[in-house]
Amino acid sequence: MERSFKKEVQALKLGDGDTFRGEGILAVAKALLQSGVSYVGGYQGAPVSHLLDVMVDGEDIMSELGVHLETCTNEASAAAMLGASISYPLRGAVTWKSVVGTNVAADALSNLASPGVIGGAMIILGEDYGEGASIIQERSYAYALKSSMWLLDPRPDLPTIVRCVEKGFELSEASHAPVMLELRIRACHVTGEFTAKDNKPGVYSGLNRLAGPPRFEYGRLSHPPVTFTHERLKVEERLPAAQDFIRAHKLNEIIPGELSDIGIIVMGGLTNSVLRALARLDLADLYGVSRIPIYVLNVVYPILPDEVRDFCLGKRAVLVVEEGHPDYIEQAVNVELRRADIQTRVLGKGPFPQAGEYTSDVLLTGIAAFLAQARPDGVDADAVGERARAMLAHKPKAAAALGDLPPRPPAFCTGCPERPVFSAIKLAQREIGPTHISTDIGCHSFATLPPFGLGNSILGYGMSLASAAGVGPNMKKRPIAIMGDGGFWHNGLISGVASNLFNKGDGVLIIMQNGYTSATGLQYMPSSKASRSGAPPGMDIEKTLRSLGVKWLRTVRTYSVAKMMATLKEAMRSAEHGLKVIIADGECQLARQRRVRAEDAEKLKRGKRVVRTRYGVDDEICTGDHSCIRLSGCPSLTVKPNPDPLRSDPVASVIESCVGCGLCGEVAHAAVLCPSFYRAEIIRNPNAWDRARYRVRRRVIGWLEGRAAA
Ligand code: SF4
Ligand code: SF4
């Protein structure tokens, strides 16, 4: 829903020899269809949310090929789907945001990787490491290592990405192991072209179903004693088979360069960034021709010892460009060189920082530092270092000239239905005092930032209530857990609610019912009012909670700040032991505005009446204490110079982006602030009654103004 791909998905129909042009994520979808997948699924999360959106928008094209699409309720169910490839020659792909998604999927992944697969199984991971990340900074590499799954990290270039998807399935089948394909933000959105192939139906699919299950085979189960055999197979058969395949199909690449006594070993996904840094240092051109030889690891696990040795042999030093911690690749390269008694120096962490994103500036500095240590023939390392320093010298000066810039933390959208709940919590805390608040993943986590600053822990998606389980019994006041409806269905229902009820727990749970998994781009979920097929899925949070045995349950419209405050105080003060759930109901404003804007545009086109509500602040009444801003945080509520020459405090002001949600007025009322807020209706294509009312009002106001002036 966040972004429609209805037009772009037509490119999924392209056939042999056609030129595909578009974004990386669409290229992946096309490559899946060219690979003959029988099933796809996943759970949304940046930067691969769009892959699921593309698949949903392209569902008709996929059903023509008999491909089954599952929009899973979490990553564990997506990973378990790959179980279809254990016993059947079915190719399948699932997607989610790594590493948090992989954490959720880990149980199924271990149990998939142990028996291995006969149909190609691929996990497409959105790795938004660094500045684009909204999650903990960890690497998928650890999962690849521990479970013996191969990790592809293709160079962000459409033909390479497509080839890695297609070859990834072959690799999975040749080695009987699942394959992970990691896509960074830039790879998902890089644009380019490639020569398309015809789409292929799977060996078996919805159009050509399997006749029945295979003969029972205990070895296909991840259960002792065969898991001991699986462990041996992973090391003795699957790993060498994977390495043979990677070598034979040249999945890794060498970019030649004339400075043959040094080299760079780079994770495929960082290749473009490295080439750009080299170009800035005059060591490459803009078309990717490099003076330094580069070994591009489109497969970062497993490493091929012979390829590493061949690349390093005869070089005085190589630089490993490996983002994140620990330095798995650097360690592996060192081990292989020491085993072969090759004395090439391996540098990586050192010229580069141990942690953090390898931005263009970090790469520039790191490569210059490497050259300063390696001192290769044919390049003036000091001049390169000087060039890098000169390129970055203006930055501290620019920062000093600008002074301290005001921080711009992310915030709720204008009119967000979740913001009023936090205004109510702040107001309620004035009376009941502070208590432990366990927060969750989702838009509502913005409440941890100013102006609310609410929240003591975030333990994962749907985990807020569970994370309060140890706090409640040790605290005088009930803890409050906050969870979104997306988090509720993802994990919170079982991990939080069922566990709390099972343990006869206490505490307050606020469920933000906004109707979508909003933070990942407005996808439908079990309690949405619609689904990808149009009809509502028919699952209801309130009924689900009652069926589990929740007794204390209130549903409150989020914008009713006073009622939300009163309900919260009641929940906190109730003598009744047990879980108290408040369903904070209000549709995601982003989704609402998109719908309303389209409806209004249609009405205006037909000359129909359209009313837009706006709020405003009366300059004469505003006291300038800005409590309304501190209690709401709406980006449409700001300050402007005081028009009264005798008053210096700036007054509050509502700007054009106001969507008329009414929160500021509600807050002013609930907090007993100044009565400076007014509500106005902007009517387009007014009818006769609107015009008559307007005339009467003008006359009354004119008469009152005349009396005031007299
Ligand atoms: S996407 Fe929806 S729920 Fe999220 S901050 Fe915006 S309005 Fe609020
Ligand atoms: S009514 Fe107030 S809180 Fe709502 S969008 Fe407008 S300024 Fe923001």
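The shell around ligand 1 holds 6 nonpolar, 3 polar and 1 charged residue. This is a predicted model, in which local features need pLDDT of at least 70 and side-chain atom pairs pLDDT 80 or more, while totals for chains, interfaces and linings use all residues. Residues are numbered from 1 along each chain as its sequence is written, chains are lettered from A and ligands numbered from 1 in the order written, and side-chain values use heavy atoms, leaving out hydrogens and water.

**Exercise 1.** Find which residues lie around ligand 1.

*Solution.* Start with the criterion: a heavy atom of the residue lies within 4 Å of the molecule. Then list them: Phe412, Cys413, Cys416, Glu418, Cys443, Asn514, Ser518, Cys588, Gln589 and Leu590. For the classes, Ala, Val, Leu, Ile, Met, Phe, Trp, Tyr, Cys and Pro count as nonpolar, Asp, Glu, Lys and Arg as charged, and the others, Gly among them, as polar.

**Exercise 2.** Describe the shell around ligand 2.

*Solution.* Count the classes: 8 nonpolar, 5 polar and no charged. Next, pick out those that come nearest among the 13 residues: Cys634, Cys658, Cys661, Gly662 and Cys664.

**Exercise 3.** Work out the strand order of the open sheet and name its edges.

*Solution.* Strands are DSSP runs (E, at least two residues) numbered from the N terminus, and two of them pair if DSSP finds at least two bridges between them. The 6 strands run E16-E15-E17-E18-E20-E19, with parallel pairing. Strands E16 (457–458) and E19 (552–557) each have a single partner strand, so one side of each lacks a neighbour in the sheet. Inside the order, 2 bridges join E15 (437–439) to E17 (480–484); serine 438 has alanine 481 of E17 as its bridge partner.

How values were computed: Helix = DSSP H or I, 4+ residues; strand = E, 2+ residues; numbered from the N terminus.
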